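Biologist: Could you take me on a close look at one helix and its surroundings in this model? Start with the overall order of elements, then zoom in.

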Amino acid sequence: MAGHEIPEPKDRKPLADPGSEPRTVDEARHACDPAFRHGVVVGFDGSTSSERALAYAIGMAGRSGSGLIIVHVANRLPTTVWAGCEPPVFVDVPDHRTEVLGLELACADYLSEVPWVLVERGGDICHELEEVGREYAADAIVVGSTHGIVGRIFGSVAGRLARRAQRPVIVIP
């Protein structure tokens, strides 16, 4: 049917303002929920030490009446591992662990007392935790301690974060 147009519904809301400029990824990343400003950031990967850190952060957020920003940092691997290119380029590896953690956290009764959000990032754990802390103007970053030979050889996330962070870092044993 030439010339036939389907009319737009009158109650349809535009998805974006046609006259506005698109925002870059960095601008979109900084648009965090104001309800979580000055909250508590906690690094969480499902390990025993991160579960202890989460429990402490929940109590801290509850006592201060603030929100909880749970951060899971996904894996990044250098492409030189399989491509042999120079200089090293990092790629994000699909990490379905964040989805699993999100479902576990959504079903957890112990999180019902504080408002919380799960943030997924990719990259260096220390950098990403500090970046999320900066974006949300967090009052503190809570992490679990590393138990094992890898942490002793390469340095723990908690130790590196405590040396470089611009806000208090609480390490839970």
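Modeller: Reading from the N terminus, the elements go α-β-α-β-β-α-β-α-β-α-β-α-α-β, which gives seven helices and seven strands in the chain. Keep in mind that this is a predicted model. Of the 173 residues in the chain, 35% are buried. If you take contacts between residues at least 6 apart in sequence, 71% of them join residues at least 24 apart. The chain has about 11200 Å² of accessible surface, and carbon and sulfur atoms account for 56% of that.

Now for the helix I'd pick, H5, which covers residues 125-135. Eight of its 11 residues are buried, so H5 is largely enclosed by the rest of the structure. The buried set is Cys126, Glu128, Leu129, Glu130, Glu131, Val132, Gly133 and Glu135, and you'll spot several glutamates in there, including Glu128 and Glu131. Cys126 sits at 0% relative accessibility, so it counts as buried. Cys107, on the other hand, comes out at 64% and therefore counts as exposed, the cut-off being over 50%. As for disulfides, the count is zero, with the rule asking for a pair of cysteine sulfur atoms within 2.5 Å.

H5 has a helix partner in H7, residues 157-164: their axes come within 9 Å and cross at roughly 50°. That angle makes H5 oblique to H7, and the crossing is right-handed. On the H5 side, the contact is made by Ile125, Cys126, His127, Leu129 and Glu130; H7 brings Val157, Arg160, Leu161 and Arg164.

Past the end of H5, have a look at the backbone. Most residues other than glycine have a negative phi. Ala137, which follows H5, has a positive one, near 50°. Ala137 lies in the loop that leads from H5 to strand S6 (140-144). With a relative accessible area of 18%, Ala137 is buried, because the limit for that is under 20%.

Elsewhere in the chain, His38 is another non-glycine residue with a positive phi, about 65°. You'll find His38 in a loop too, between helix H1 (25-29) and strand S1 (40-43).

Note on methods
Residues numbered from 1 in each chain as written. Predicted model: local features only at pLDDT ≥ 70, side-chain atom pairs only at ≥ 80, totals over all residues. Heavy atoms only, no water. Buried < 20%, exposed > 50% of the residue type's maximum accessible area, 1.4 Å probe, protein only. Helix = DSSP H or I, 4+ residues; strand = E, 2+ residues; numbered from the N terminus. Contact = heavy atoms within 4.5 Å. Areas by Shrake-Rupley, 256 points an atom, 1.4 Å probe, with all protein chains shown as cover. Axes fitted to C-alpha atoms, helices over the stretch in contact; angles between N-to-C directions. Parallel < 35°, antiparallel > 145°, perpendicular 65-115°, else oblique. Left-handed = near helix turned anticlockwise from the far one by under 90°.
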